[in-house]
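Q: Hi! Could you walk me through this model with me? I'd like to ask things as they come up.
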Amino acid sequence: MEEYLELISDGLYKFRGGKLFIEGVCAEDICREFGTPVYVYSSSYIKRQIEKLRSAFKTACPLICYSMKANGNMSILNLIRKAGCGIDIVSAGELAKALRVGFSAEKIVFAGVGKTKQEIVDGLTANIFLFTVESVEELKTIQQIARQLKKIASVSLRINLDIDVDTHHYTKTSKKETKFGMPVEQVGSIIRSREKFSYIDVKGIHFHLGSNIKISGVYVQALERLKDFLKELNFMPSVIDIGGGFGIHYRKEHLEKIESFGKNICNCFLKNFSGSTMIIEPGRFIVGNSGILLTTVIYNKRTPHRNFLIVDSGMNDLIRPALYNSYHEIVPVKKKDCCTVYDIVGPVCETGDFLGKDRMLPADLKPGDFLAVMSAGAYGFSMSSNYNGRPRAAEVIVSGDTVKCCRRRETIQDLWKLEKTL
Ligand code: PLP
């Protein structure tokens, strides 16, 4: 257990005197003070991850645009902004949030396959750095709107390089049958005819291969392919955005160390694109292992077939196990002998509502005991919902010995505050 915590959290999550601590704060105290389910984030972890990225990619010195979709809590965004990062957004809502937190427009990149006209107007009005264009149709719409607003839209063209990556099927985004980006031929024809788009400045090329990628090789492969393609076109963009997707440990799986991951990508980049600026868009890498979800056991339910720990967090709080069959380590906040096999399930009325299956946990866990679901900082709260009439969890942030609430728990009344009984 200790070894695992060290691996995922760089020592910021550890057992002291038999109790789980996040930095200097005891997990059990958080459960008692804020209730459960509660997401807890370590601010020091987030800062360290950004430093690690800077160091691993130092030779190419990229603009780090944190991918807000991973975790959009404004306190976390502010921390990341203060660390000097830009931001990768995918909607008008994320744009408004980024601006509200104080990200400067010249560090905002706007991706997404379905930007509406209003979202394009919003981006242009805010003078964002780059629209990541995902289709010819979108490019034409941007041209039309930019002309109306008498503005030049800076864009990068998202290319679909048809590269397969070793990750869950749902998070592969660069296979040609996915909806993301444009096929190589379409990008080629846009570049050749770019003079026609008089209100568009094609500054960059973008690719995003997928999420939770464990090795640098596929990025190198993508950059090499891109080099050959751009050489044929005799076009050198001022920006190359290599997307995000850098993997993290959820367990002791094989994962290339970030130092060599960054170094390999930078070497290839500098060899082929030394005059261009690199953008990276990590989400999970920055916040994934900063966060945990604390939950309370409601019942220790025994049947002749299975042992179930029914807890007060479900797929509405953390959908990753249900959606991607993802593995999250689950540990008791008080260290005990783990000798009984359980399925840890939520209260939601779906068979897919589980947090972990076949896990060894203490035999005597009883209602009111607390568990920590690890590695829950990315795509945890941000994918949560009110399904089954369940208010969303609270979020708290730890910094040294202090813990502060950064999103209050939703109330039952919040569930209907936007509705009308007609
Ligand atoms: N950039 C783009 C365009 C994405 O679609 C995503 C995730 O879907 C990311 C960045 C962030 O990915 P990750 O959190 O795996 O780093």
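Q: Let's start with Lys150: buried or exposed?
A: Lys150 is exposed, at a relative accessible area of 71%. Here exposed means over 50% relative accessible area, buried means under 20%, and partly exposed is in between, with a 1.4 Å probe and protein chains only.

Q: Before we go on, what kind of model is this, and how are residues numbered?
A: This is a predicted model, where local features need pLDDT of at least 70, side-chain atom pairs count only at pLDDT 80 or more, and totals for chains, interfaces and linings use all residues. Residues are numbered from 1 along each chain as its sequence is written, and side-chain values use heavy atoms, with hydrogens and water left out.

Q: Thanks! Where does Lys150 sit?
A: In the loop between helix H7 (136–149) and strand S9 (153–160). Helices (H or I, at least four residues) and strands (E, at least two) are DSSP runs, numbered from the N terminus.

Q: And what is phi of Lys150 near?
A: Phi of Lys150 is near 55 degrees, a positive value in a residue other than glycine. Most residues other than glycine have a negative phi.

Q: What about Asp10, where is that one found?
A: Asp10 is in the loop between helix H1 (2–9) and strand S1 (13–16). Its phi is positive, near 60 degrees, and Asp10 is partly exposed with a relative accessible area of 26%.

Q: Switching to peptide bonds: which residues does the cis one at Pro37 join?
A: The cis bond joins Thr36 and Pro37, with omega about -5 degrees. Pro37 lies in the loop between helix H2 (27–34) and strand S4 (38–42). Most peptide bonds are trans.

Q: Now the ligand. How many residues surround it, and which are closest?
A: There are 14 residues around the ligand, and the closest are Ser211, Gly245, Glu281, Arg284 and Tyr379. A residue counts as near if one of its heavy atoms lies within 4 Å of the molecule.

Q: How does that shell divide by residue type?
A: Into two nonpolar, seven polar and five charged residues. Ala, Val, Leu, Ile, Met, Phe, Trp, Tyr, Cys and Pro count as nonpolar, Asp, Glu, Lys and Arg as charged, and the others, Gly among them, as polar.

Q: Which polar atom of Tyr379 lies by the ligand, side-chain or backbone?
A: A side-chain one: a polar side-chain atom of Tyr379 lies 2.6 Å from a ligand oxygen atom. For Gly283, a polar backbone atom is 2.9 Å from an oxygen atom of the ligand. Asp88 has a polar side-chain atom 3.3 Å from a ligand nitrogen atom.

Q: How much of the ligand does the protein cover?
A: The protein covers 91% of the 400 Å² of accessible area that the ligand has on its own. Those areas come from the Shrake-Rupley method with a 1.4 Å probe.

Q: Last topic, Ser43. What does its side chain contact?
A: The side chains of Ser43 and Ser399 are joined by a polar contact of 3.4 Å. A polar contact is a pair of N or O atoms within 3.5 Å; within protein, one must be able to donate a hydrogen and the other to accept it, and residues adjacent in sequence count only if both atoms are side-chain atoms. Ser43 is in helix H3 (residues 43–56) and counts as buried at 3% relative accessibility.
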